[in-house]
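Please work through each task before reading its solution.

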Amino acid sequence: MSDHAVSRRAFLRAGGAVLTGTLASTSGVLALIAPSTSWALELEALDAHQAATVLQFTRHVFPHDRLDDAVYALVVKDLDAGAAEDPTTRRMLTDAVRRLDEASGGEWLSRSAAEQFVQVQAMEATPFFAKVHSTAVVSLYDNDMAFAHFGYPGRKGDPGYIHRGFNDLHWLPDPPDGASGPVPETA
Amino acid sequence: MDMYDNRTTFAADDDGVVVVIGSGAGGGTLANELAQKGVDVVLLEAGGLHTTDEFIADEWPSFSQLAWTDTRTTTGDWRVARDFPNLPAWICKAVGGTTVHWAGASLRIEPHEFRARSTYGDLAGATLRDWPLSADDLASYYDTAEKKLNVTRTNGLPGLPANNNFKVMHAGATRLGYETCHTGRMAINSVNKDGRNHCMQRGFCFQGCRYAAKWSTLYTEIPAALQTGRVELRTRVHVARIEHDDNDRVTGVVYFDADGRERRQAARVAAVAGNSIETPRLLLNSESSRFPNGLANGSDQVGRNYMRHTTGTVWGVFDKPVEMYKGTTMAGIVQDEARHDPKRGFVGGYEMETISLGLPFMAAFFNPGGWGRGFTEAMEQYRHMAGMWLVGEDMPQADNRVTLSSEARDAFGLPVANVHYTDHANDVAMREHAYTRGAAIYEAAGATRTYRTPPYPSTHNLGTCRMSERAADGVCNGHGQSHELANLFISDGSQFTTSAAENPTLTIVTLAIRQADYIAERMRARAI
């Protein structure tokens, strides 16, 4: 997580239930599709500290060093929405943040990545971990920013790749005619 | 008039109709085949109608649109029970059933596989039987089915063109000396035919084919059936039970309509094609004083011998990009390991077929429950991955079964299905062999790393109302006709006596065509 500490620019707006950040890179693919280099998540149930803690916890569960916080914030958004709907979820999240801070003798967020990770591992069997995991495994990988990062066109493939490179791999020999078939001639 | 409009309706007390339950490969085909012979059919479908223009090229929203997500429960030592406890199967609840979702692989069951017990011998713990029919009995029906589905590499139709994912498979397989490797026999149009477009290589086969290039009953059998004016399609109806009289004849089908109202449709014949989980559930929920263990279940075989194929997925990571998501999901096949060769340490065989997942489903299925660097390092390689699905014969076992949950109930208060599955030692040995050979193919093509993914929730659900020569061994005869109620038919993959190695849809369609001949003949003879 070392380079993550450098790249993360999220900061907390004191007293406001908003989680904000700035894209770590203004030259990457994300900058091309993002409407703005800074982002803000208005929170419904969590406070900014809790949200930032959950975001960082998610980074430990699914560590993609070059994936921007803006994408992880989508996970926080879904967890926050769940907490707003369901008091049990809200309690689970807020209790977990408090336990992380207590176990760190201060703010878990201020500890080193290695020290943070020890706490993440210790919580692997908890409902909180399961909630973050099951939410993140969907939210983190099911959005246009993640698609851009991992190189998946998603809905852009809807018309079909027949004229857009479905067979453009040329670092291996092409199969012979008997193993393949003709590309249909279209009008 | 819209292609899905009913041109006829039948009265609830019309006892001259065949009631077909389910509109997928089995039910959709049976309904059309019967209608073409002049038989009146009421076709009941639990799901709604989603036409090609409504399909969604986005995995999770598409899943919400098409998949059967009503609660089911699971037990057994299969990993699905741990990772997806309420989703044992990845099948559809929609007009067209799972033919909307299937990948299109259309292989015939091999002659020796119909004689599984005779060929493989007596395996401890397995309930192997020979099918009560042979490859010869089905040959002409397979011909008809291949023509109906426009299967590539049959009837002069060309194969589909190789996409990137298949190029990797072919290069590796060839270097290993595998000989039967090509772009498959696919029910996907390789040329424009029957008013349906050729494949446009979208790569969203699992989400429904926008171009209708892939065969589905949704836009072939069902509109054709409605066109005859002999079929009434009723959607969003959930069948609760099948009723019978004192002479062990089915008299009608009770269902809940879209508004939750209980209805009853009289029936001359009932044909159940709800997939191999819902079909036994319906029979078990239809218990009566004459059939206290469930309808047609005097043999205690309803729900037993549940099979799901021995499956797994291998991913190869390469230095250069593959972009496996471009083009048909099942873009090619290696068939050399499909033979029966016990020297490999297991009976039966397996196919190797390319597969791809979009990024959202890769995250969900690559290693369910996985996290940390090991997980994310793999995800980072997504664009450089090739994928293959391993699909082989699994052993029928008496205790792998669909039962009624003692606790969970559906929206109508009916017990839901519990699906219990534990691998047979033969399944474990085959899967290990297949994983190893799959990885070897990718390594031969230059993979820097390979990964194994465990079986997904099952799309091939088989065997829970199986065909048998003797009534004591199964639920139905070689025509899918119940051993106990002459006018009750099983019309889906539940009929399969054994799973064989091949993707089952072509055989389900073939059996439905043959069953339609039989039902029409028996009706003419007034035997039913």
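Predicted model: local features only at pLDDT ≥ 70, side-chain atom pairs only at ≥ 80, totals over all residues.

**Exercise 1.** Determine whether B:Phe366 and B:Tyr451 are buried or exposed, and classify the geometry of their rings.

*Solution.* Step one: B:Phe366 and B:Tyr451 are both buried. Step two: the two rings form an aromatic pair with a centre-to-centre distance of 5.1 Å and an angle of 75 degrees between the planes. Step three: planes over 60 degrees apart count as edge-to-face, and the pair of B:Phe366 and B:Tyr451 is therefore edge-to-face. Step four: B:Phe366 lies in the loop between H10 and helix H11 (373-380) of chain B, while B:Tyr451 belongs to strand S16 (residues 449-453) of chain B; the pair thus links distant parts of the chain, 85 residues apart.

**Exercise 2.** State how many aromatic pairs are counted over all chains, and explain why the pair of B:Phe84 and B:Phe365 is classed as it is.

*Solution.* Step one: the count over all chains is 36 aromatic pairs. Step two: the ring centres of B:Phe84 and B:Phe365 are 5.4 Å apart and their planes meet at 50 degrees, so this pair is tilted. Step three: B:Phe84 is in the loop between helix H3 (80-83) and helix H4 (111-114) of chain B, and B:Phe365 is in helix H10 (residues 359-365) of chain B, so the pair ties together parts 281 residues apart in sequence. Step four: B:Phe84 is buried, at a relative accessible area of 19%, and B:Phe365 is buried at 5%.

**Exercise 3.** Identify the ring over which the charged end of B:Arg308 sits.

*Solution.* The ring is that of B:Tyr421, whose centre is 5.6 Å away from this charged end.

Conventions
Residues numbered from 1 in each chain as written. Chains lettered and ligands numbered in written order. Heavy atoms only, no water. Phe/Tyr/Trp six-rings, centres within 6.5 Å; stacked < 30°, edge-to-face > 60°. Helix = DSSP H or I, 4+ residues; strand = E, 2+ residues; numbered from the N terminus. Buried < 20%, exposed > 50% of the residue type's maximum accessible area, 1.4 Å probe, protein only. Lys NZ or Arg CZ within 6 Å of the ring centre and 35° of its normal.
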